[in-house]
Amino acid sequence: MVSNLIKNNKTDIFLMCLFLFLILWSGNYLFFETLELKKQDKNTLPFIAHFEVKENYVVKKSEFSIAWTDIKKNDGLIENDHIFTDKDASAIIKFKDGAKINIAENTLFIIKKKNNQSIINFKKGLLYAEITKEQSLSFMMKNKLVQIKSSDAKLQLNLSQKNDQIIVLKGSASVDSQGKRLEIKENQVYSMKNKAATVEDLSSNLTHPIPKAQIWQKKLSQVNFTWKVLNSPKVAFFIIAKDPEFKQVLAKIKAHENVNYSPSSFGRLYWKVITMDHQNKSFDGETRSLTLLEDRAPIVYAPRKNHSFKTPNTVSSEALFPIYLKWDKQKEETYQWRMYLENKIIQEGEQSKTRLLFKARKAGKYTFQVKALSSERGSSDWSIPRAFNIITNKKSPIQLTSLVTNLLPLHNQEVILNSPNDTITFEWKQENKSKTFSYKIEIANDKHFSKRRTFTKIDQTSFTWSPPKLGVYYWRVKSNKYISPIMKLKLNKPTPPPTPSVDTLDIEIILPEVETTQKATWVDFIFPTAYAEAPTIPIVKIKWKKIKNAQFYIFQAYKDEKMKHKLFEKKLESSNFDWHSPQVGKYWFRIAVVDGWSQQSPFSTLKPISIKSKWQMEITAPQLITPNHKQNVKWSSDLKYMFTWKSDKQENQSFTIQFSPDLSFKEILYEKRTKSSQVLVPLDFIKKELHVYWRVLISGPKKITRKSKRRLLTFTHALTPPPVAEVKNIKTKKSLPQEKYNYFSIGVKPRKATYSLNNDNIKINSQGSVLGTLSVSSYHLFNKVWATKFDIEYASATLVNDYTYTETSFLLQSSYQKKFEQIIFNFNSGVSLNKMTLIKSTSANDINTSELTLSAVHLGVILKLNKKLHSHLFELNIGFGNINKTMFQYLWERKARKHYAWYLGLGLINIKTKNDQEQISSEQQFISTGLKYAY
């Protein structure tokens, strides 16, 4: 079998390597560039529309994302964006042509585009559209394309389970759907019931309150609802609810044209009127919303009521005492406030924030009031007065000059911290040494010590402190009733470190004296003529002068002086670097230093380094000349053959020619030592062997030995074959059919999976979920070596919290096949497309579907061992891209009939992916079984 391995065609090997290189290059060029385009969609794709107004929680997500993000005013929308309004939320979207849509709460739709026409794929909820000039709007309502054209109209679109409606509230419009056009006038409704479109007159016209009305009430009271009946109905019902779908109905009242209704709470409400004719046919009309807002004065909650503030000194114009006042936020535009001192207004103003920094100039009793100003309701009542006192601290400090002296750091001293972990040591001296004192040290950001840090029970005359951040601090020392002068301290970080010098670099090359022999590996079977044992590469030690306050060093090495080809970059804590196993050649390197504040210095100038091997200067491996590799020789017992090679002329060198039946030369059939570069070898040691490997060893100074490449010599024995007897009428056993390589298979692959998903909205950790999987595979061999292979898999499982997870993958690969007797090697490379879907089965108010589409480049290898009636298959497949997927499986295949076989297997799968918004990982164990058809 080894002989067949060695006889592989070099051309096939070269084509295989070239094919793999082209696959990797094209995958990197096409696949990764496509991903970059997807990431840059927000910046490159033109905006279709943008948000003008947004209230409460309105979110959107792109086509390639699972996570929903909160939108802001003036945010743009591109093709395939999903928009959703939560409870009590609303938004207004304006398109490029000027058309506007007003979105009510609990509404979901997707913006599509076709033939430069924007299409709103309406999923659920309530929309209001406004058209001010000759424009058109297109909607997808229950998988039907509806196009609305008008020059001046206001419309209401309602999507429900029972009926889809388009109501013209003002103006007129034409509606095109499935090739049918209908004209709709004011107070008419376009309905889609039972897959048929109809236009009917509204049975009622709502008059009060106006659409999206805001009603302010100091306490809950009656609201008058009026409407006008447009026909002669049998009965009319007033319905009011908390949601636009009218699932949470608050009241249903039988009335003719008005109702006085008393709401039970503040908030947003929806109302409509349903009429019923004499044939008991009901008519549903316009839906309006209104918001009940509580009209009350703001509530001041800071400072505490009647709180007293003690100033460190007498309050004056030079030293203002700050007081923070806060009150609750309402839906107002601005707030008006007044500050009283002893019942006299001393300051007033207007602002939009709910926080005020007031700086007092005098001690006394202060009173504060605030009221809300709104363009819609006017102004609220003044808040309840909030009173507080400012008291002067009359206890004057006593200088501790007779007790504590020589305070360090000095006043106004600047201290440089080498890292954020550095500490400051405060020191002072005690004049009266006959008595022991305990000290308190105070550190603050301001000289008034309003926010001070006090450290107590300090018996020694020093204190070590870790500052939280850089800046200016004030500190003082207290003992009993005495206090020291106030000391000012400035804490700064150093300037960026200087460029490290390369003048003191000390480069040392250490070379080993003994060569280690490498063992033969599987590479030798694929590339038998390219194998030559190389010497051990030395370790290069690079040292430089240690730089003060260095946190770590950055070491960069390049192949060229222009720094276009970087070899590597290392972060080193010490001022030396051990370069293990470098290749012989010339390189350039440079060094930068990073200090304790993560400030990086400029890089040093490039320093060249030449790495040379002493072995290469002393001795080189012999180059074999004759016989050629794989040369065939007719063997006879008295045959002698001339073997030649060449080598650099060195003193005191000798050669040893060796022959072995195996590639690793564990068994030596014959060897001979000579000082010449040719030798005549008698081949009488060749008896039963059909092939023999040979090589030449050269020995030089310092006992260094180099080995040549190994060559194969094959032999043909001159033996006369025995005569073949004529055989007649002898029944032979039926031979097995020829091995077939093309196949199509289908099977199941149940998995036990551990699944983890983390993004802004969903966090799932599922243990032991079982995924039911259906797999389909096809393999087609175009010639003896090249084939195409594709696999399709679909998996589904129910995770925690009613989440259903599905995974669909399509893998297309090109395969290079080599057959060695009963062993088949397959080297595969290709690309895959993976789609992951997460569905939550909850109420209709929740977002129920999240999708993620990922791609990967795959490399794989398959080893198949064929037996008489069964075979063993080992497969390893690795995918990398924006999804990393590793799969290993073992299959046992049983041949049932001429074209059919069934298989049983087991394996492991590991999936990991991560982007700006999602993190997904899964570990899976599976068993597989199915049927294979070979042809």
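A nonpolar patch here joins side chains of Val, Leu, Ile, Met, Phe, Trp and Tyr that lie within 5 Å, taken from residues with over 30% relative accessible area and no salt bridge. In this predicted model, one such surface patch covers about 1000 Å², and its members include Phe744, Ile746, Leu904 and Tyr935. Strands S61 (743–748), S70 (900–914) and S71 (919–934) each give two or more residues to the patch. Leu904 is found in strand S70; with 45% relative accessibility, Leu904 counts as partly exposed.

Now to the aromatic rings. The count comes to 37 aromatic pairs, and two of them are set out here.

| Pair | Arrangement | Centre to centre | Angle between planes |
|---|---|---|---|
| Phe225 and Phe238 | tilted | 4.9 Å | 45° |
| Trp544 and Phe555 | stacked | 6.3 Å | 15° |

Phe225 sits in strand S20 and Phe238 in strand S21, so their pair ties together parts that are 13 residues apart in sequence. Both Phe225 and Phe238 are buried. Trp544 belongs to the loop between strands S46 and S47, while Phe555 is in strand S47. Trp544 is buried, at a relative accessible area of 7%, and Phe555 is buried at 1%. Trp544 and Phe555 also belong to one aromatic cluster, with Tyr553 and Trp579 among the other members.

Charged side chains meet rings as well. Arg695 lies over the face of Phe665, 4.1 Å from the ring centre, and Lys749 lies over the face of Phe926, at 4.9 Å.

Finally, a look at one loop. Lys133 lies between strands S9 and S10 and is partly exposed, at 48% relative accessibility. Beyond its sequence neighbours up to four places away, Lys133 touches Asp97, Ser150 and Ser151.

Conventions
Residues numbered from 1 in each chain as written. Predicted model: local features only at pLDDT ≥ 70, side-chain atom pairs only at ≥ 80, totals over all residues. Heavy atoms only, no water. Patch = residues over 30% accessible without salt bridge, like charges linked within 9 Å, V, L, I, M, F, W, Y side chains within 5 Å. Areas by Shrake-Rupley, 256 points an atom, 1.4 Å probe, with all protein chains shown as cover. Salt bridge = Lys/Arg side-chain N within 4 Å of Asp/Glu carboxyl O. Helix = DSSP H or I, 4+ residues; strand = E, 2+ residues; numbered from the N terminus. Buried < 20%, exposed > 50% of the residue type's maximum accessible area, 1.4 Å probe, protein only. Contact = heavy atoms within 4.5 Å. Phe/Tyr/Trp six-rings, centres within 6.5 Å; stacked < 30°, edge-to-face > 60°. Lys NZ or Arg CZ within 6 Å of the ring centre and 35° of its normal.
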